[in-house]
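This briefing covers one protein chain, from its overall fold down to a few individual residues. Please have the sequence and the coordinates open while reading.

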Amino acid sequence: MHVLLIEDNAGDVLLIRQILSALPFSVKVSTALDGEQAAHLLADPEIKPDLIILDLNIPKIPGLALLARYKPAAQVVVFSSSSNENERKEAMNLGARQFVHKPLEMDEFAKAVTKIVQDWIRSRSAACGEA
């Protein structure tokens, strides 16, 4: 599994990487610390993420603008501290599969990240079963 993590908070990047590395299967993580880096990675034909975890509040190109401009082929889950309902609606309208509120408590944060990956696995399994 290859995850593109678009997150500007170094602490959150480290924590998400640790959570993903503890999963019972291999997860490759590419990281973009701002929207500009994410745009470069999304345009690179060598980078083919299965799942994109996107924070909305990132510098240079905000998350919603990134979604609108690049329409990634991979499944996008917004993982943000924003509780703005308009941002949630817009993200979903722009193609995000889920909008997950980023918990402040460490255990809940880890559970949320794990659930994002589990939901991706379930949706992929369901899609393969339909084919």
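What percentage of the 131 residues in the protein is made up of buried residues? In this predicted model, buried residues account for 44% of the 131.

**Overall fold**

- The protein contains 5 helices and 5 strands.
- Read from the N terminus, the order of elements is β-α-β-α-β-α-β-α-β-α.
- The radius of gyration is 14 Å, close to the 14 Å that the globule rule gives for 131 residues, so the protein is as compact as a globular protein of that length.
- The C-alpha trace spans about 35 × 35 × 30 Å along its principal axes.

**Contacts and surface**

- Of the contacts between residues at least 6 apart in sequence, 63% join residues at least 24 apart.

**β1, α1 and β2**

- Strand β1 pairs with β2, which covers residues 28–32, in the parallel sense, and the pairing involves 5 bridges.
- The chain leaves β1, passes through α1 and reaches β2, forming a β-α-β crossover that is right-handed.
- Val3 has Val29 in β2 as its bridge partner.

**Glu7**

- Where does Glu7 sit in the chain? Glu7 lies in the loop between β1 (residues 2–6) and α1 (residues 10–21).
- Is Glu7 buried or exposed? The relative accessible area of Glu7 is 2%, and because buried means under 20%, Glu7 counts as buried.
- The side chain of Glu7 makes a polar contact of 2.6 Å with the side chain of Lys102.
- Leaving out residues up to four places away in sequence, Glu7 touches Asp12, Val13, Ala32, Leu33, Asp55, Ile58 and Lys102.

- Which residue caps the N-terminal end of helix α4? Asn84 is the cap of this helix, which comprises residues 85–93.
- In this cap, a side-chain oxygen of Asn84 lies 2.7 Å from the backbone nitrogen of Asn86.
- Just after α4, Gly95 adopts a positive phi of about 110 degrees.

How values were computed. Residues numbered from 1 in each chain as written. Predicted model: local features only at pLDDT ≥ 70, side-chain atom pairs only at ≥ 80, totals over all residues. Heavy atoms only, no water. Helix = DSSP H or I, 4+ residues; strand = E, 2+ residues; numbered from the N terminus. Buried < 20%, exposed > 50% of the residue type's maximum accessible area, 1.4 Å probe, protein only. Polar contact = N/O pair within 3.5 Å; in protein donor to acceptor, adjacent residues only side chain to side chain. Contact = heavy atoms within 4.5 Å. Pairing = 2+ DSSP bridges. Right-handed = clockwise from strand over helix to strand, strands pointing away. Rg over C-alpha atoms; globule rule 2.2 N^0.38 Å.
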